[in-house]
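Trainee: I am new to this structure. Can you show me how to read its features?

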Amino acid sequence: MKIPQRIMVFLFMGITLFPMADMLLGLSKKRNTNQAKEEIIFPKIKLSKLDKFPKEYENYLNSRMYFTSYMVHYNALLKIKCFGISPMPDKVIVGKHGWLFLAGKYLDNYTGKGLFTINEQEKITSIISNRSQKALKSGRRYYFVIIPDKHNIYADYMPWDIPKSATSNTDFLVNYFKNDTSVNIVDLRPAILAHKNETFPLYYNIDNHWNHYGSYYAYKEVIDVLKKKYHTGEPLSLQEFKLDTTKKLIGGEAEMLNIGDLYNDTRVELLPVFLSKVINGKKKNYEIPKDFPYPDDYEIVKEKPGDTLPSVVIFRDSFLDFMMSYLPEHFRKSVFIFDNWQYRYIDKIVDTENPDIVMTFVFESNLRQIIEWDSIQPSAK
């Protein structure tokens with residue numbers, strides 16, 4: 001046998017036998033992932049329960065073959081970096097220049113597959129109208145704020161073979177209510193698009209959320225809208241913040257593909273340099289939705305001295321995390337409710353807080369959640 005052939009044989013045998021040797025000798029260390037599981041011990045052999053042993057042994061064997069996770073990890077990285085394809089196309093799409101986009105309902109919203117049916121159009125317009133009328137009858141105003149999908153803002157980074165729909169559910173709502181002065185729809189797309197080509201992107205390329213820059217321009221638009229009716233003051237300027245890009249972000253999409261430790265992005269942060277008078281307010285401990293994964297974030301209260309400032313209750317999702325550093329500067333009291341992506345108008349909270357303004361911030365792809373959850377109110381304690 002020639003030397004090159006021998007090398008190929010030994011190489012093949014090495015690749016074939018390495019996982020077993022790794023399991024027995026611990027040649028590679030277990031990868032530290034956010035999906036760490038409890039250590040599985042070798043199953044006991046019980047003659048009376050032999051039917052369970054094969055499955056238990058398989059679980060044990062899989063848990064010990066740490067090398068497998070490396071293979072999966074680098075296979076995903078190879079597909080993305082070298083071939084521009086996703087190892088999990090049903091969950092994450094690889095766009096141009098290495099940008100990652102969520103699939104599923106997010107992609108449906110982009111392509112138009114997820115457009116409202118006629119029945120859904122009637123339901124959501126009725127819900128928004130009813131919320132606005134309810135607020136007006138109580139002497140307050142209701143604002144329905146739509147947060148744009150990353151897909152629609154950075155459509156130029158989406159794969160060329162996935163066409164963008166000529167219309168969207170956001171377009172429908174904006175057009176439907178454009179002549180209704182009793183309903184306040186705040187479409188954040190124009191404000192975000194106007195700044196998308198600046199020094200830093202406004203969304204992370206490996207996460208579905210916007211960064212501090214995107215959040216800032218959305219905040220500015222919201223205050224510009226509110227100041228027409230209320231004494232909120234002018235939006236804070238960018239000069240009142242310090243830009244920090246020293247940290248790295250492990251994005252959600254990268255974590256889904258198990259490559260977060262090697263495929264990260266620059267964390268763009270705006271750190272306040274002004275002296276804020278905002279303090280943490282006292283919570284009323286409203287009922288938290290069952291199975292909500294972030295109970296400490298459900299109710300957040302901020303207060304700022306100032307009798308002329310309005311008060312607000314905001315039903316939100318995770319896109320408001322950054323904005324909560326700026327918005328409370330314009331209200332004497334701000335109550336933020338993260339109700340498990342249900343976006344309800346919770347009467348108990350609104351009636352108890354008695355704010356001047358009620359707002360719902362909803363992510364574009366989650367608009368259908370409004371229809372699903374609107375009529376459901378939390379039970380009284």
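Mentor: We will go through the sheet, the core and the aromatic rings of this predicted model.

Trainee: In what order do the strands of the open sheet run?
Mentor: Strands of a sheet pair through backbone hydrogen bonds, either parallel or antiparallel. Here seven strands form an open sheet with mixed pairing, in the order β4-β3-β11-β9-β10-β8-β7. The edge strands, β4 (184–187) and β7 (279–280), each pair on one side only.

Trainee: In which sense do β8 and β10 pair?
Mentor: They pair in the antiparallel sense, over five bridges. Glu-299 stands opposite Ile-337 in β10.

Trainee: Which strands does helix α9 lie across?
Mentor: Helix α9 (residues 212–226) lies across β3, β4 and β11, at about 150 degrees to β11. Helix α5 (residues 118–137) also lies across β3, β4 and β11, at about 145 degrees to β3.

Trainee: How many residues are in the largest nonpolar core?
Mentor: That core has 80 residues. Its largest share, eight residues, comes from α9. Met-359 is among the residues with the most contacts inside the core. Val-222 and Leu-226 are among the residues Met-359 touches.

Trainee: How is the ring pair of Tyr-216 and Phe-241 arranged?
Mentor: A pair of aromatic rings is described by the distance of the centres and the angle of the planes. For Tyr-216 and Phe-241, the centres are 6.2 Å apart and the planes are at 70 degrees, so the pair is edge-to-face. Tyr-216 lies in helix α9 and Phe-241 in strand β5, so the pair ties together parts that are 25 residues apart in sequence.

Trainee: Are Tyr-216 and Phe-241 buried or exposed?
Mentor: Both are buried.

How values were computed
Residues are numbered from 1 along each chain as its sequence is written. This is a predicted model: local features need pLDDT of at least 70, side-chain atom pairs count only at pLDDT 80 or more; totals for chains, interfaces and linings use all residues. Side-chain values use heavy atoms; hydrogens and water are left out. Two strands pair if DSSP finds at least two bridges between them. Helices (H or I, at least four residues) and strands (E, at least two) are DSSP runs, numbered from the N terminus. Contact means heavy atoms within 4.5 Å. Axes are lines fitted to C-alpha atoms, for helices over the stretch in contact, and angles run from 0 to 180 degrees between N-to-C directions. A nonpolar core is a set of buried Ala, Val, Leu, Ile, Met, Phe, Trp, Tyr and Cys residues joined through side-chain atoms within 4.5 Å. Buried means under 20% relative accessible area, exposed over 50%, partly exposed in between (1.4 Å probe, protein chains only). Rings of Phe, Tyr and Trp (its six-membered ring) pair if their centres lie within 6.5 Å; planes under 30 degrees apart count as stacked, over 60 as edge-to-face and the rest as tilted. Lists of a residue's contacts leave out its neighbours within four places in sequence.
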